[in-house]
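Please keep the coordinates open while reading.

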Amino acid sequence: MIDIVVVLRAEDAVLDFLSVLTDDVGGGGGETRVILADRAETLILGAGVEAPERLALIASHVGPVTEGIASPGPEVLATLLRQAAAGRPFRIWTHSPADTRRNRGRVGRDTALAHAADAGLTGAELRHAVGFSPYLQVVSDLDRSLGRQHIAAKLDFVNGSCGHLLTEPDPEFVVQTPHVPAIERFFDADPDERERLFALLASLDDEAASVVDPWEFGSSPYEARRLDATAAWVRERCAVNGSGSGSGSGSTLVEVGACEGALTHRLAAAGFTVRATEPNAVFRPRLTAALAGTDGVTVDSADLAELAKEDAPRAAAHLLIEMLYYGQNLALLDDLATDLVFVALEPEALASRVRPWLERSATWRADEEIVLVPPQLETVCAGRAYLSKRGSVGLLLRRTNG
């Protein structure tokens, strides 16, 4: 049985897979092949090669951090895996698709895609290392606790070969204490789990949209409470302020970044006319399909910057719900065609992003602050992992010179 370890960079083979490379921690120690994805290169560690020699060979391939370090993609990895196996029985070890260091997550996902798509590889066992996971607790299927000798070997490897990474400014490649686990944890994942783990750690690009409902708005009890509370808040405050309500006044709400329409459905059910905007080209067709036939709802691609430039009729309110996490220029709010803006964010983001801007603003004042939902721990990806949902705080902004 050959163990094939697929990693982004050489140091990963020791930091996350040392137990696979050694012969006395419950597995491994036979012939091992290490695929370095950033180089599309394979290291051969023969069955008779002792651990110090194996680590020395890997150490010789630890390089500086350069631009362009990335997964070569599923097709290249499939070729490398076939070559490494050379027709013999093998098992595959690779990164977690939910590794917070995004390029390692891509390697884990691309390796699994290669494994699933190639008939010559599908019979092999594949396991992901939990790796670096500061936001998720992953339920593992195999844990290997390292003894002091192996921890010493890891630390010697880091200090001797990765010293430049201890002070590396890029969080993708820095090596710190949490990147050097004393217990190496591994898990299996079916295709749906893998894709959901990968999408969950993405931002708002197409990788986040690689699965339907990546943030589980349709199945999470926490998200259902958050969305229900948000819709109720908008309904009550718009009615109180005379800006439209469920009574059919016809006033329009502009929902910016509507994703797949989880909140939009609730607003439409309350009787609002809603303009749902979604700039992501993958999410938008899903949004359009989900809202097809819904009275009073239109869908378009405008983002916050485009809405600020429009010469449009004034809306009852603009809704910026859980979407001001991505460096948007808050000065754009001044040019929105509305006198009311509903903002919702987790408490820390509200404090760091919105409050300093609001204190300087001569255009907006806070009319109300409300806790929409408190923090809660919740499972994700069908129970494969759990995390802290950080709560959502609503801030109602009113234009001072409107």
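1. Strands 1 and 2. Strand 1 (residues 2-7) runs parallel to strand 2, and five bridges join them. Strands here are DSSP runs of E, at least two residues long, and helices are runs of H or I of at least four, both numbered from the N terminus. Two strands count as paired if DSSP finds at least two bridges between them. V7 has L36 as its bridge partner in strand 2.

2. Basis. This is a predicted model, in which local features need pLDDT of at least 70 and side-chain atom pairs count only at pLDDT 80 or more, while totals for chains, interfaces and linings use all residues. Residues are numbered from 1 along each chain as its sequence is written, and side-chain values use heavy atoms, with hydrogens and water left out.

3. Strand 2 spans residues 32-36, and five of its five residues are buried. Buried means under 20% relative accessible area, exposed over 50%, and partly exposed in between (1.4 Å probe, protein chains only). T32, V34 and L36 point one way; R33 and I35 point the other way. Strand 2 also pairs with strand 3 (residues 41-45), here antiparallel, over five bridges. T32 stands opposite L45 of strand 3. Four residues separate the two strands of this hairpin, and A40 in the turn has a positive phi of about 50 degrees.

4. The cavity. How many cavities of 30 Å³ or more does a search of the whole structure find? It finds one. The volume of the largest cavity is about 40 Å³. A cavity is a set of points on a 1 Å grid over the protein atoms alone where a 1.4 Å probe fits but cannot get out; lining residues have an atom within 4 Å of a point. Points are joined across faces, edges and corners, and the volume is the space filled by probe spheres set on them.

5. The cavity lining. The residues lining the largest cavity are E11, D12, L15, R101, R104, E172, F173, V174, V175 and H179. Helix 1 (residues 10-15) gives the most, with three residues. The lining divides into four nonpolar, one polar and five charged residues. Here Ala, Val, Leu, Ile, Met, Phe, Trp, Tyr, Cys and Pro count as nonpolar, Asp, Glu, Lys and Arg as charged, and the others, Gly among them, as polar.

6. S71. This residue sits in the loop between helix 3 (51-59) and helix 4 (74-85). S71 is buried, at 17% relative accessible area. Its side chain reaches the backbone nitrogen of G73 at 3.1 Å. The S71 side chain also makes a polar contact with the side chain of D110 (2.6 Å). A polar contact is a pair of N or O atoms within 3.5 Å; within protein, one must be able to donate a hydrogen and the other to accept it, and residues adjacent in sequence count only if both atoms are side-chain atoms.

7. Three strands form an open antiparallel sheet in the order 6-16-15. Strand 6 (137-138) and strand 15 (376-380) each have a single partner strand, so one side of each lacks a neighbour in the sheet. Strand 15 is joined to strand 16 (residues 385-389) by five bridges. T379 stands opposite Y386 in strand 16.

8. E346. Is E346 buried or exposed? E346 counts as buried, at 17% relative accessibility.

Technical notes:
1 Å grid on protein atoms, 1.4 Å probe; cavity = no way out; pocket = protein on both sides within 12 Å on 5 of 7 lines; lining within 4 Å.
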